[in-house]
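Hi everyone, thanks for coming. Let me put the structure up on the screen, and then we'll walk through it together.

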Amino acid sequence: MTNETQQKNDVVRNPDGSVIHVDNIRKLYGDFVAVDGISFAVQPGETYGLLGPNGAGKTTTMRMLSGLSPVNSGNIIVAGIDVVKDNRAVREVMGVVTQHDGLDNGLTVFQNLFLHGFLAGLSRKKSKARAHEVLEFFGLRDRSKSNVYELSGGMKRRLAIARSMMTTPAVIVMDEPSTGLDPQSRNRVWEELAILKEAGVTVLLSTHYMEEATILCDRLSIMDNGKILDEGTPDQMIERHAPKEVAQLRVDPASLRTVRDYLNVREMSFREVGALVSVTGVNGDRPDLSGLTDVEGVRSSYRSGNLEDVFLSITGRELRDE
Amino acid sequence: MNLAIPTPGIRRRSVTGLWLRHAVSFVRYWKFIITWVLVEPVIILVAVGFGVGKLVHEVEGAPSYAEFMAPGLIMGNAMFHALFETSWNAYNRLDNDVYETALTTPITITEITMGDILWAVTRSVMTVVGTATVAAMFCWINHWEAIGILIPAIMVGTTFGALGFLFSAVAPHTTFLTLVFTLVASPMFFSPVRSSRFRSFPTGSSLSLGRCRLHLQSTSLVDLPLDILRGHISGQRYTWSH
């Protein structure tokens with residue numbers, strides 16, 4: 001399978017050299033603006049992420065990209081195909097992993113893949129051969145005759161990703177590839193996505209997990225309220241918007257007031273999530289918490305700034321709040 | 001691979017691919033579905049033929065009550081199967097994102113509709129063949145021209161396949177689909193069963209529904225294919241002039 005996917009690196013490029021080119025697209029549902037004039041480009045072999053909370057417009061953007069939802073204005077070009085004008089053609093070169101696995105419970109694992117390939121245009125023979133190939137690749141060969149409803153959540157997700165690979169697509173669009181999975185299954189999905197990336201497959205994914213975006217994405221956009229707020233590599237974004245170090249205090253309820261007073265007096269910015277208080281120092285430097293070492297019920301640790309801090313810094317809100 | 005047929009906008013592979021999906025799913029569960037195709041009609045035909053049929057001794061224009069009833073039951077069954085396929089089953093597919101996933105391939109909603117109606121026709125034909133075989137075994141159908149039942153089977157499958165799909169497309173929840181059976185299917189089922197407009201089977205039979213008859217006749221989409229079926233079974237041609 002690797003050889004075949006690598007060939008897709010020779011995918012038809014858009015005039016600007018990208019594989020996905022999105023130019024100022026807008027989507028309205030009545031008066032509600034779901035996507036508000038966003039633009040970005042994804043290069044061949046790149047994994048590009050749309051990071052944002054639920055309702056940011058990620059799924060709508062994905063649906064417009066795969067030709068499933070018409071745009072109100074703007075342009076989308078994928079592998080040289082004008083998606084706005086020819087939404088059928090784009091699905092010949094694009095693999096899509098929908099947010100809910102969308103697996104067919106009336107069929108076996110193998111039949112899910114085979115019939116998807118056949119519907120997509122492969123001959124029966126080619127679709128069967130390809131189904132065996134992707135089952136092998138995704139470690140699902142032993143389950144090929146299983147009913148879909150017998151699979152674990154992680155296996156279902158991997159099968160949904162495997163299904164999107166049936167036609168050896170030039171680009172794969174994945175809507176929240178690891179949402180709802182336990183940590184172990186999530187790692188497995190990430191490993192497989194990393195292998196696809198090595199094979200040169202271009203991936204556009206949406207996520208609200210900053211860890212997922214950090215690990216998988218070469219570049220990403222932060223989306224909120226239908227707009228792209230900033231774009232760059234994860235490192236660039238962190239450097240641009242996040243503090244260098246963040247102190248994390250685990251505070252017993254009895255000591256919370258003392259901690260708040262201490263931080264307020266020194267004008268340090270902080271946010272509380274349950275018993276966890278995250279503190280940012282002045283100018284993003286390591287916050288000085290020496291005065292809290294003697295306070296009972298306070299345990300402190302330090303971590304580097306991450307994409308969650310970036311999101312907070314740009315929007316003023318927690319990513320996980322949504 | 002480009003399998004598009006010359007007609008712009010319709011891709012043949014989309015329709016056949018969806019039909020194949022339904023066929024594969026059907027084959028997986030054939031042991032259960034076959035009871036509906038064969039066992040239920042046997043029970044109804046036997047009940048009508050040997051049960052009610054024993055009580056009704058004379059039916060004008062037909063050798064026996066069972067032979068009079070068989071065509072109606074066959075078409076009624078075909079109607080139910082086609083309707084069920086595109087209402088209940090289609091709604092389930094809609095609910096389980098089967099169509100949403102199909103739409104990630106180069107397929108359109110029109111083609112999905114065509115594929116589903118084609119499958120409803122297939123189910124209708126299967127049902128008609130199954131039920132007619134049972135009826136033939138009891139000698140309630142014994143004319144060689146009965147092979148012509150495939151024509152009304154296709155008509156019923158298309159009509160009720162489309163009607164069922166219309167219901168599942170607008171249904172806000174599964175319970176809504178009950179309406180297609182209670183308000184559409186049941187009245188139409190008893191309409192063809194009660195009698196026929198076909199000349200050789202006059203409407204003055206024991207199952208005529210009095211003042212309701214005219215209304216039922218005007219709503220019955222099964223009547224035309226049923227009349228053709230009766231024509232084939234009895235060896236008489238359908239007459240358009242009644």
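Let's start with A:Arg158: which residues is it in contact with, leaving aside its neighbours within four places in sequence? They are A:Phe138, A:Gly139, A:Leu140, A:Arg188, A:Val189 and A:Glu192, where contact means heavy atoms within 4.5 Å. A:Arg158 sits in helix H6 of chain A, residues 153-164. Helices here are DSSP runs of H or I with at least four residues, strands are runs of E with at least two, and both are numbered from the N terminus.

So is A:Arg158 buried or exposed? It's buried, because its relative accessible area is 7%; buried means under 20%, exposed means over 50%, and partly exposed is in between, with a 1.4 Å probe and protein chains only. Two of its neighbours come with distances. The backbone oxygen of A:Phe138 lies 2.9 Å from a polar atom of the A:Arg158 side chain. The side chain of A:Glu192 makes a polar contact with the side chain of A:Arg158, at 3.4 Å. A polar contact is a pair of N or O atoms within 3.5 Å; within protein, one must be able to donate a hydrogen and the other to accept it, and residues adjacent in sequence count only if both atoms are side-chain atoms.

Quick housekeeping. This is a predicted model, so local features need pLDDT of at least 70 and side-chain atom pairs count only at pLDDT 80 or more, while totals for chains, interfaces and linings use all residues. Residues are numbered from 1 along each chain as its sequence is written, chains are lettered from A and ligands numbered from 1 in the order in which they are written, and side-chain values use heavy atoms, leaving out hydrogens and water.

Now, zooming out. Chain A has 11 helices and 14 strands, and its C-alpha trace spans about 70 × 45 × 35 Å along its principal axes. Of its 322 residues, 56% count as buried.

On to the sheets. One is an open sheet of 6 strands in chain A, with the order E6-E7-E8-E3-E9-E10 and mixed pairing. Two strands pair if DSSP finds at least two bridges between them. The edges are E6 (94-97) and E10 (227-232) of chain A, each pairing on one side only. From one strand to the next, the twist averages 15°. Helix H11 of chain A, residues 307-315, packs on this sheet, touching E3, E9 (219-224) and E10, and its direction makes about 40° with that of E9(A). Axes are lines fitted to C-alpha atoms, for helices over the stretch in contact, and angles run from 0 to 180 degrees between N-to-C directions.

Have a look at E8(A), residues 202-207, which pairs with E3(A), residues 47-51, in the parallel sense over 5 bridges. In that pairing, A:Thr47 stands opposite A:Val203, and A:Gly49 has A:Leu205 as its bridge partner. E7(A), residues 171-175, also pairs with E8(A) in the parallel sense over 5 bridges, with A:Val171 opposite A:Thr202.

Why is E8(A) largely enclosed by the rest of the structure? Because 6 of its 6 residues are buried. In a regular strand the side chains alternate between the two faces of the sheet. Here A:Thr202, A:Leu204 and A:Ser206 are buried on one side, and A:Val203, A:Leu205 and A:Thr207 are buried on the other.

The other sheet I'd like to show you is an open one of 4 strands in chain A, ordered E2-E1-E4-E5, with antiparallel pairing. E2 (32-42) and E5 (81-82) of chain A are its edge strands. E1(A), residues 20-29, pairs with E2(A) over 8 bridges, and A:Ile25 stands opposite A:Ile38 there. Helix H2 of chain A, residues 58-65, lies across E1, E2 and E4 (73-78), running at about 115° to E1(A).

Last stop: the nonpolar core. That's a set of buried Ala, Val, Leu, Ile, Met, Phe, Trp, Tyr and Cys residues joined through side-chain atoms within 4.5 Å. The largest one has 48 residues, and A:Leu307 is one of those that touch the most other members. Helix H4 of chain A, residues 109-120, gives this core its largest share, 6 residues. Among the residues A:Leu307 touches are A:Leu51, A:Leu220 and A:Met237.
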